[in-house]
Amino acid sequence: MRLERGFFARDTLEVARDLLGRRLVRLVGGRRLSGRIVEAEAYVGEEDEASHASPGLTKRNASMYGPPGHAYVYLIYGMYHCFNVVTAERGFPAAVLIRALEPVEGVEAMRERRGDRLDEELTSGPGRLCEALAIDLGCDGADLCDPEASLFVEAGEPVPDERVAASPRVNVRGDAVALSVPWRFYVEGNRYVSG
């Protein structure tokens, strides 16, 4: 069952934590590629110096400004795509970066896209999971809640609190707050977590 807009239109930290265990699905050429979300990071507002929204609204970050339940996809280092789920109403920038998946469906297709890699390396990182699931800039702004969407999030199995860990975000820049807030959530002990 696909998640509805109401799931995403909540506090960004709650959404980030609650995305753990849900299934990210991409339909490509009639194939389902999917993975269980095992790591996610929250980014909230222009005051968050680690956020792409810290300089204000730009062409690159426009999708991050809402509405909830849409994709925000961007390119880093000129070669890696990163996928985020937007969580705030139009006009306020907030999103959750999906950092890692545990592959579930279409693993052979993921291997074809990612090359000769260990299964743990197929989707353990934002760029890796986007390559494995064929998520690129063409997905930016996509409505994840559209019944006809080729990229969406399914209910999956929520992760119990005792298996969820929180830490500061990975590889971010900014002030002391941006570098220290525990806005990264992950499934403790899962071998697909990016680190």
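Buried here means under 20% relative accessible area, exposed over 50%, and partly exposed in between, with a 1.4 Å probe and protein chains only. This is a predicted model, in which local features need pLDDT of at least 70 and side-chain atom pairs count only at pLDDT 80 or more, while totals for chains, interfaces and linings use all residues. Residues are numbered from 1 along each chain as its sequence is written, and side-chain values use heavy atoms, with hydrogens and water left out.

**View 1. The overall fold of the protein chain.** Welcome to the whole chain before we zoom in. The protein chain holds five helices and eight strands; helices (H or I, at least four residues) and strands (E, at least two) are DSSP runs, numbered from the N terminus. Read from the N terminus, the order is α-α-β-β-β-β-β-α-α-β-β-α-β. The radius of gyration is 15 Å, close to the 16 Å that the globule rule gives for 195 residues, so the chain is as compact as a globular protein of that length. That radius is taken over C-alpha atoms, and the rule is 2.2 Å times the number of residues to the power 0.38. Along its principal axes, the C-alpha trace spans about 40 × 35 × 35 Å. Of the 195 residues, 52% are buried.

View 2. A nonpolar core is a set of buried Ala, Val, Leu, Ile, Met, Phe, Trp, Tyr and Cys residues joined through side-chain atoms within 4.5 Å. The largest one has 45 residues, and those with the most contacts inside it are F8, L19, L24, F83, I98, L133 and I135. Strand β2 (residues 31-44) gives the most to this core, with five residues. Contact means heavy atoms within 4.5 Å. Leaving aside neighbours within four places in sequence, F83 is in contact with residues including L24, Y72, I98, C130, I135 and L151. A second, separate core of 13 residues includes Y43, M64, V86 and A178.

**View 3. G127 in helix α4.** G127 sits in helix α4 (residues 126-132). Is G127 buried or exposed? G127 is buried, since its relative accessible area is 17%. Not counting residues up to four places away in sequence, G127 touches Y80 and H81. The C-alpha atoms of G127 and I76 are separated by 8.6 Å, although the two residues are 51 residues apart along the chain.

**View 4. The cis peptide bond at P67.** Most residues other than glycine have a negative phi, and most peptide bonds are trans. G66 and P67 are joined by a cis peptide bond, with omega about 5°. P67 is found in the loop between β2 and β3 (71-76).

View 5. Y77, in the loop between β3 and β4 (80-86), has a phi near 55°, a positive value in a residue other than glycine. Y77 is exposed, with a relative accessible area of 69%. N171 is found in the loop between β7 (164-167) and α5 (176-180). N171 has a positive phi of about 55° although it is not a glycine, and N171 is exposed, with a relative accessible area of 75%.
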